[in-house]
Amino acid sequence: MKLKAGMFVYAFAFLLGIMFVQQLAVLPRISTLCLLSAFVSLCIAINAFFFNKNRFTYKKEFTLILIIILLILIGIMYSSFFAERQLSNRLSEDLTGRNIVINGTVSNIPVTNSEVQRFEFSVESYSILAAKNDRTAVESFPKKIRLSWYYGRPVNAGEQWQLEVRLKPPHGFMNPGGFDYEAWLFQHGIHATGYVRKSSLNRRIQGPSSSINYVRQTLSRQIDKLSKQSDASGINSYSLVKALAIGDKSSITNQQWSVLANTGTSHLMAISGLHIGLASLFAYLLIRRVVPVFIIKRIPAQHVALIAGMFTAFLYALIAGLSIPTQRAVIMLLVLSVMIVIRRNHRPVDALGFALIIVLLIDPLAVLSAGFWFSFSAVAVIFISITSAQKSGREDDSFFSRLKVTLRQWVRLQLLISLFLLPLSLFMFQQVSLVSPVANLLLIPYVSFLVVPVVLLAIMCSFFWPSFSDMLFSMASALLDLIWPLLSYLSSLPYAVWVRGDVSMMKMLAATLAFLLLYYSARLSSSIFRTRNERQILYACWSFRLLACLLFLPLLISNEANFETGEYQLTVLDVGQGSAAVIQTQNHVAVFDAGAKFSDRLNAGSGVVIPYLRSRGIQKLDRLIISHGDSDHIGGAQVIIDEYPEAMLIGQDIENLQSGNKQACIAGLKWHWDDVDFAFLSPENNDMSLSQKGKRNNRSCVLQVVSKSGSVLLTGDIEKKTERQLLKKYGQQLDSDVFIVPHHGSNTSSSMAFIQAVNPELSLISVGYKNRYRLPNQKVVRRYSSEQRELVRTDEAGAITIRLVAEAGFTIEKYREKTGKYWHHIVGE
């Protein structure tokens with residue numbers, strides 16, 4: 001069999017090398033990679049010049065294999081070098097929490113609400129405000145940071161500022177199924193996060209320059225002004241118009257995001273490759289028709305139109321902030337344009353491969369973005385569909401026949417894209433829209449040929465005819481208002497979304513291969529067997545289809561943990577400065593506390609707890625327990641209730657939560673699951689007059705879980721007063737194997753007598769990294785250390801999973817240690 005390779009094969013080999021690096025916890029040594037690459041190169045040279053063709057039958061095939069290996073090694077080496085450069089700019093742990101004065105430029109459009117502004121800042125110079133006896137030596141300092149400024153002066157994109165800040169290295173939550181914030185920061189070149197201090201040193205050095213970000217912010221304010229003037233009772237589609245105009249999605253509401261996600265149309269409401277391509281197409285068609293004759297005599301009109309299209313695409317990408325998706329779109333358009341200009345015959349897949357290499361050379365970290373995989377996968381499916389359509393041909397060339405064929409191909413393309421991207425959607429987002437073929441079938445032409453042209457014209461007119469620009473932006477909003485009820489209807493259908501959070505990479509690859517086998521089964525059968533025996537080809541075809549069904553089967557099988565009777569698992573989730581834990585027995589699941597609400601769009605319920613439950617294949621929640629009403633314990637509760645409405649709600653301060661099945665926790669309340677006993681030890685009564693802000697902590701629900709496999713004590717935020725009451729009432733009954741330290745390690749709790757009574761083998765602290773309360777208190781840490789207790793913290797370990805098994809005792813799994821990659825922050829390093 002002859003092996004053939006094109007540009008796509010070489011690009012795929014380079015991609016494999018880059019992907020290999022992203023799976024590592026520690027970067028490989030570049031010197032070792034150089035030696036390996038040199039050795040493979042030498043083998044290629046020896047094979048090319050010293051082996052005689054007659055003596056070595058498979059010389060070309062062997063050379064091809066060596067070239068592929070070399071490209072994989074080059075991908076590993078290039079990605080490692082790029083990553084090392086990125087990591088060298090990361091903030092030193094020694095500078096964490098220090099007062100630092102920085103000078104630089106606001107490098108993006110600030111996201112503002114009533115209390116805080118969040119923005120990226122390009123650092124040009126810095127000075128450390130030295131403390132007494134300070135000898136800190138700084139070898140490097142971050143070039144780009146992400147700041148929050150509470151109740152500060154308004155900042156604008158492009159302005160130069162001097163700011164006094166406190167910073168910390170990039171650090172995010174680490175939980176199964178959760179969003180990797182550290183990977184996002186690393187990919188975007190952000191090397192520290194922090195906040196602006198209230199200081200007399202904060203001052204604006206220079207007003208906004210005529211940079212592209214200033215232009216973008218001007219357009220943003222223009223659209224915001226129109227939004228405020230519009231009818232507030234409507235859906236206010238100006239947030240969607242802003243996303244289409246400048247790529248700013250910060251104003252899109254949670255409800256709008258939910259509708260877009262449920263219908264698979266999120267890509268239409270942001271400046272994606274589709275919109276960049278449309279802008280280029282409109283410019284191409286316009287210039288192609290109006291190019292003067294004297295230019296055509298010197299330069300082909302097609303080339304002039306291609307240049308104009310590329311220029312338009314680049315300008316639109318700039319207006320979008322030259323985000324990573326728009327960069328990919330511009331590169332792919334550039335590759336296709338160059339191939340058209342040089343008039344070289346090429347396969348579409350090779351053009352895709354060339355674009356892939358260019359994108360990876362510019363930014364090998366693009367593989368960390370979900371958009372990278374969706375962009376190239378969607379284009380690959382489009383190429384597959386186009387190739388098949390070209391081979392099928394057309395029988396009739398009449399207008400109606402062509403229209404019928406075009407519509408059929410359009411429907412077929414939407415179905416193919418939805419099916420081929422289904423496994424990838426489940427792997428990346430834990431859900432996939434089942435109504436997306438219908439929604440995209442209607443919305444893509446509508447948005448592409450009605451809304452986007454109006455938005456593009458509005459952007460152009462904003463520079464010289466603002467009033468007409470306002471009218472066009474309003475028209476675009478009205479067009480979106482017109483189509484929104486249809487999207488809302490599709491989103492509300494009972495089976496609009498398939499949720500499956502436990503899809504591993506192997507399941508995703510197997511399902512994708514299954515779709516490819518189904519699609520190419522007939523062609524594979526004909527090419528492999530090369531026979532005219534139709535019966536044999538049909539048998540082979542059905543064999544491939546059967547194999548495809550077997551490969552797709554794992555995607556339908558849930559990965560629920562297996563427990564014997566009396567066994568259970570406790571997972572303390574990493575929710576920052578807050579608390580959330582999941583207890584799972586053989587047939588039941590309970591959540592204890594729901595973490596904090598960080599903003600109107602983000603809370604621990606939707607960002608941590610629900611993704612964790614999905615990732616573990618848990619489809620039903622039996623109980624949600626809220627220890628008390630502090631925001632860092634109850635903040636994500638309502639979202640969890642909305643996701644699992646049948647769950648029973650138990651707790652304190654739950655009056656304002658909307659649930660049809662709730663009751664207060666009270667000492668003596670018990671239940672029994674799969675030979676595992678649950679019992680509340682506190683509070684003693686349900687007197688709501690004692691649930692005021694100052695007394696909430698001591699009225700926290702205290703839950704003890706006991707079985708033959710071991711015991712766990714969960715204490716909420718109780719303080720020493722309640723600890724004394726528990727000691728008096730229960731004494732040695734408090735003895736537990738695993739103990740969640742009260743009040744995040746505050747010195748108001750964890751008295752020595754209480755620690756000795758609980759006598760835990762393992763103590764867990766749910767705490768935020770470098771939190772403003774400086775928890776856990778070092779006095780508390782020393783108390784546990786003096787008792788020789790193992791102490792594990794979520795800020796250092798990420799999610800902590802304890803599996804309690806009869807006879808074997810319990811095992812500990814630290815998620816940051818188990819799945820950490822080279823870009824993840826290790827506390828203390």
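This is a predicted model: local features need pLDDT of at least 70, side-chain atom pairs count only at pLDDT 80 or more; totals for chains, interfaces and linings use all residues.
Local features were considered at pLDDT of at least 70 and side-chain atom pairs at pLDDT 80 or more, whereas totals for chains, interfaces and linings use all residues. Residues are numbered from 1 along each chain as its sequence is written, and side-chain values rest on heavy atoms, with hydrogens and water left out.

The largest nonpolar core comprises 51 residues. A core is here a set of buried Ala, Val, Leu, Ile, Met, Phe, Trp, Tyr and Cys residues joined through side-chain atoms within 4.5 Å; buried denotes under 20% relative accessible area, exposed over 50%, and partly exposed the range in between (1.4 Å probe, protein chains only). Ile 276, Val 451, Val 455, Ile 459 and Phe 473 touch the most other members of this core. Two or more residues each are supplied by helix 5 (212-229), helix 6 (238-246), helix 7 (254-263), helix 8 (273-290), helix 10 (301-319), helix 11 (324-341), helix 16 (436-461) and helix 17 (466-492). Helices (H or I, at least four residues) and strands (E, at least two) are DSSP runs, numbered from the N terminus. The greatest contribution, 13 residues, comes from helix 16. In soluble globular proteins, nonpolar side chains tend to be buried together.

With neighbours within four places in sequence set aside, the contacts of Phe 473 (heavy atoms within 4.5 Å) include Leu 219, Gln 222, Ile 223 and Leu 226, together with Tyr 238, Val 241 and Ala 245. Phe 473 is also in contact with Val 455, Ala 458 and Ile 459. Another core, of 30 residues, lies apart from the largest one and has Ala 590, Ile 650, Val 676 and Ala 797 among its members. Helix 6 is mostly covered, nine of its nine residues being buried; Lys 242 and Ser 239 are among these buried residues.

A nonpolar surface patch is formed by Leu 457, Met 460, Phe 463, Phe 464 and Trp 465, which together have about 600 Å² of accessible area. Patches consist of residues with over 30% relative accessible area and no salt bridge, like charges being joined within 9 Å and nonpolar side chains (Val, Leu, Ile, Met, Phe, Trp, Tyr) within 5 Å. Accessible areas derive from the Shrake-Rupley method with a 1.4 Å probe, and for residues only the protein chains shown count as cover. Phe 463 is located in the loop between helix 16 and helix 17 and is exposed, at 56% relative accessible area.

One disulfide is counted under the criterion of a pair of cysteine sulfur atoms within 2.5 Å. The bond joins Cys 665 to Cys 701, with an S to S distance of 1.9 Å, and is left-handed, with -85 degrees about the S-S bond. Cys 665 lies in the loop between strand 15 (662-664) and strand 16 (670-673), and Cys 701 in the loop between strand 17 (676-682) and strand 18 (702-707), so the pair ties together parts 36 residues apart in sequence. Both Cys 665 and Cys 701 are buried. Cys 43, by contrast, is in no disulfide, and the nearest cysteine sulfur, that of Cys 34, is 16 Å away.

The structure contains 15 salt bridges, each defined by a side-chain nitrogen of Lys or Arg within 4 Å of a carboxyl oxygen of Asp or Glu. Arg 816 and Glu 182 are paired at 3.0 Å, N to O; the former belongs to helix 27 (residues 815-819) and the latter to helix 4 (residues 181-187), 634 residues apart. Both of these residues, Arg 816 and Glu 182, are buried. Between Arg 197 and Glu 164 the closest N and O atoms are 2.9 Å apart. Here Arg 197 is partly exposed, at 24% relative accessible area, while Glu 164 is buried, at 5%. Glu 120, Lys 144 and Arg 146 are linked in a salt-bridge network.

Among the backbone features, a cis peptide bond joins Ser 682 and Pro 683, with omega about 10 degrees; Pro 683 lies in the loop between strand 17 and strand 18. The peptide bond from Leu 775 to Pro 776 is likewise cis, with omega near 0 degrees. Ser 750, a residue other than glycine, has a positive phi near 60 degrees and is buried, with a relative accessible area of 0%.
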